[in-house]
Amino acid sequence: MIIEIDFNSDEALYLQLRNQIILGIATSRFREGDVLPSVRQLADNIGINMHTVNKAYSVLRQEGFVKVDRRRGAIIAIDIDKMQAVEEMRETLQVIIAEAMCKNISREEVHALIDEIYKDYGGV
């Protein structure tokens, strides 16, 4: 499992870890049912505190990307209700699109960017 953490970034380490795992799911590096390394193992591999890994796993669990099994650990389990996910995405996109409009980024440029990102992740 390749996780890249930027220790010089202003972004919190647990968020970087969360985002790396979500990107791994989106790019099929991680699939439904895959077991993530234990908190201790991942912390040792990356060189971060176990509490940081635990926090990232907890956030991923709350967001519906992983489930925690007492025997197997954290397992990729994408079970977010689609309607809830769409609503959360709507809220996030409203701010992003408002920022784009303030910076004179056109609708066409936004659509092109979204198409490009989907393509990067193998979407059609």
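Helices (H or I, at least four residues) and strands (E, at least two) are DSSP runs, numbered from the N terminus. With that settled, I counted 5 helices and 2 strands in the protein chain. Reading from the N terminus, I get the order α-α-α-β-β-α-α.

**Ground rules.** I noted that this is a predicted model, where local features need pLDDT of at least 70, side-chain atom pairs count only at pLDDT 80 or more, and totals for chains, interfaces and linings use all residues. Residues are numbered from 1 along each chain as its sequence is written, and side-chain values use heavy atoms, with hydrogens and water left out.

**Overall look.** I boxed the C-alpha atoms along the principal axes and got roughly 50 × 35 × 25 Å. For the surface I used the Shrake-Rupley method with a 1.4 Å probe, where for residues only the protein chains shown count as cover. The accessible surface of the protein chain is about 9300 Å², and 52% of that belongs to carbon and sulfur atoms.

I then asked how much of the chain is buried, meaning under 20% relative accessible area, with exposed over 50% and partly exposed in between (1.4 Å probe, protein chains only). Buried residues are 25% of the 124 in the protein chain.

Next came contacts (heavy atoms within 4.5 Å). Of those between residues at least 6 apart in sequence, 50% join residues at least 24 apart.

**Charges.** Here Lys and Arg count as positive and Asp and Glu as negative, while His and the chain ends are not counted. Each charge is placed at NZ of Lys, CZ of Arg, CG of Asp or CD of Glu. I found 15 positive and 20 negative side chains, with the centres of the two sets 8 Å apart.

**The core.** A nonpolar core is a set of buried Ala, Val, Leu, Ile, Met, Phe, Trp, Tyr and Cys residues joined through side-chain atoms within 4.5 Å. The largest one has 20 residues, and Ile-3, Leu-17, Ile-21 and Tyr-57 have the most contacts inside it. The elements giving two or more residues to this core are α1 (13-26), α2 (39-46), α3 (50-62) and β2 (73-76).

Which residues does Ile-21 touch, leaving aside neighbours within four places in sequence? I listed Ile-3, Phe-30, Leu-36, Tyr-57, Leu-60 and Ile-76.

I also looked up Thr-52, which sits in helix α3. Its relative accessibility is 19%, so Thr-52 counts as buried. Beyond residues up to four places away, Thr-52 touches Leu-13 and Tyr-14.

**Loop between α1 and α2.** Thr-27 is in this loop and is partly exposed at 38%. The C-alpha atoms of Thr-27 and Gly-122 are 7.2 Å apart, although 95 residues separate them along the chain. Ser-28 is in the loop between α1 and α2 too, and at 35% relative accessibility Ser-28 is partly exposed.

**Backbone angles.** Most residues other than glycine have a negative phi. Ser-28 is not a glycine, yet its phi is positive, about 65°. Asn-104 has a positive phi as well, about 60°. Asn-104 lies in the loop between α4 (82-102) and α5, and at 69% relative accessibility Asn-104 counts as exposed.

**Helix α5.** The expected span of a helix is 1.5 Å times one less than its number of residues. For the 14 residues of α5 (residues 107-120) that should give 20 Å, and the end C-alpha atoms are 20 Å apart, which agrees. After α5 comes Gly-122, with a positive phi near 85°.
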